[in-house]
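Here is a short briefing on one protein model. Look over the structure first, then work through the points below.

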Amino acid sequence: MKIKNFKFIAGSLSALAFIACSDDEPTVEYVTNTVTETVVETVEVEVEAPTYVIDSDITEDTTLDASVVWTLDGRVFVKDGVTLTIPAGTIIKATGGTGTNASVLVVAQGGKIEAAGTADKPIIMTSVADDIEVGQLAGSNLDQNVRGLWGGLIVLGKAHVHGDDPAGAVTQQIEGIPADVAEGLYGGSDDSDSSGTLTYVSVRHGGAEIGADNEINGITFGGVGNGTTLDNLEVVGNVDDGVEFFGGSVNATNIIVWGQGDDAVDIDQAYDGTIDNVMIIQEAAGDHGLEIDGPKAGADVNKPFTLQNVTIIGNADNAKNAIADFRDGANGTVENVLVYGLTSSSNVELDKAADVTRFTDGELTFTAWEVVVPEGATLDGIFDNKVDDTTFQNGFATSISSADAATVGATNVFSWSYYGQKN
Ligand SMILES: [Ca+2]
Ligand SMILES: [Ca+2]
Ligand SMILES: [Ca+2]
Ligand SMILES: [Ca+2]
């Protein structure tokens, strides 16, 4: 950056005037004339340009500045023992690239993110292609079907996982981060672990591959403990899932996912927190609204999640238009759910015998579902026990005529979000 420096040099010139003559004595008159002249000199000074680029690991406590747009360039870890503070209103735009060059922000085990936005000033993570500016809630040039322009946000903690080792309480490597990178580890035995705060955070247009065949979720939680605060989170236009919880015990309130390419909310590896008030809006690209796995490798643990006050809005242009899939011994409670916008093949599946067993043992429960049943379908037919091709709808679901008649589902508290701005 060049800054022009103006130097004002003032000089003064004095002039001696004239001698007047007469017939008698000559009279000498002195007249003093002062002229001030300003000399302007331009000096060019080289000043180092301010950089608002995050392109290397965060190794000491760092606070971003919300008055500028930040660029996230490449894979960046917030290291063990380090806190990244992102003030309300901060916008981070990530560069593209795939594989190890993909832009992704990873909060490693022992690291913290303090991203406390507000409804007026959410924290927005998007692509450099997004024309959003500081002070805005949404840009104008990208929509919910623009995906994969960068990676995503990954938060890793020390709470339980029942993943590759069904016994749990071990660390394992999060998908997409190479095995030799220690900051990719997650899981442990500290369910009260804190990875910090994410409130009013919107993640947009991400989901690029960050490793071989590993598209990334908008927000990934790996073994995140319940000392962490999560509320008011949005993911828009992501290639893979919106939010995915691999084990952990963290609770989350007010989540909205719009136009994800795979599943809106995905649970795996014996996640046992509570997720309250969730709005899911499918586009043509999506897979399941909910994709809920139990502990991997058939671990015989009972660590149930709770998912409550959920609205799933299907999309007629989505060939699958799938509502929910319960797999791998899914273990938890799903209650107060409103589903509409379905097509005749939309369903909720108990995928395998392990899921049916959980259901009959009361370790997978459904309460107060209301469904606008589409033409060509029946309420019971929507709830599909795939093992024997029967229904598992035993009275927990009600058919309603329209979404307006619903008495359950999410409360729309999302005016701050991209979805809220566009609808
Ligand atoms: Ca996923
Ligand atoms: Ca899926
Ligand atoms: Ca998934
Ligand atoms: Ca999954």
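**A helix across strands**

Helix H1 (residues 353-360) lies across strand S28 (322-327), strand S30 (348-350) and strand S32 (383-385). H1 runs at about 95 degrees to S30. Axes are lines fitted to C-alpha atoms, for helices over the stretch in contact, and angles run from 0 to 180 degrees between N-to-C directions. Two residues are in contact if their C-beta atoms, placed from the backbone, lie within 7 Å. Helices (H or I, at least four residues) and strands (E, at least two) are DSSP runs, numbered from the N terminus.

This is a predicted model: local features need pLDDT of at least 70, side-chain atom pairs count only at pLDDT 80 or more, and totals for chains, interfaces and linings use all residues. Residues are numbered from 1 along each chain as its sequence is written, while chains are lettered from A and ligands numbered from 1 in the order in which they are written.

**More on H1**

- The buried residues of H1 are Ala-354, Asp-355, Val-356 and Arg-358. A residue is buried if 20 or more other C-beta atoms lie within 10 Å of its own, exposed if 12 or fewer, and partly exposed in between, with C-beta atoms placed from the backbone.
- Their cover includes S28, S30, strand S31 (364-371) and S32.

**The open sheet**

- The sheet has 11 strands with mixed pairing, in the order S8-S11-S14-S20-S22-S24-S26-S28-S30-S32-S33. Two strands pair if DSSP finds at least two bridges between them.
- Its edge strands are S8 (75-78) and S33 (390-391), and each pairs on one side only.
- S11 (residues 104-107) and S14 (residues 153-156) pair in the parallel sense over 3 bridges. Here Val-106 stands opposite Ile-154 in S14.

**Residues to find**

- Asp-262 sits in the loop between strand S23 (252-258) and strand S24 (265-268). Asp-262 counts as partly exposed because it has 19 C-beta neighbours inside 10 Å.
- Leaving aside neighbours within four places in sequence, Asp-262 is in contact with Asp-240, Asp-241 and Asp-287.
- Gln-269 is not a glycine, yet has a positive phi of about 60 degrees. Gln-269 lies in the loop between S24 and strand S25 (274-281). Gln-269 is buried, with 28 other C-beta atoms within 10 Å.

**The whole protein**

- The protein has 3 helices and 34 strands.
- Buried residues make up 50% of its 423 residues.
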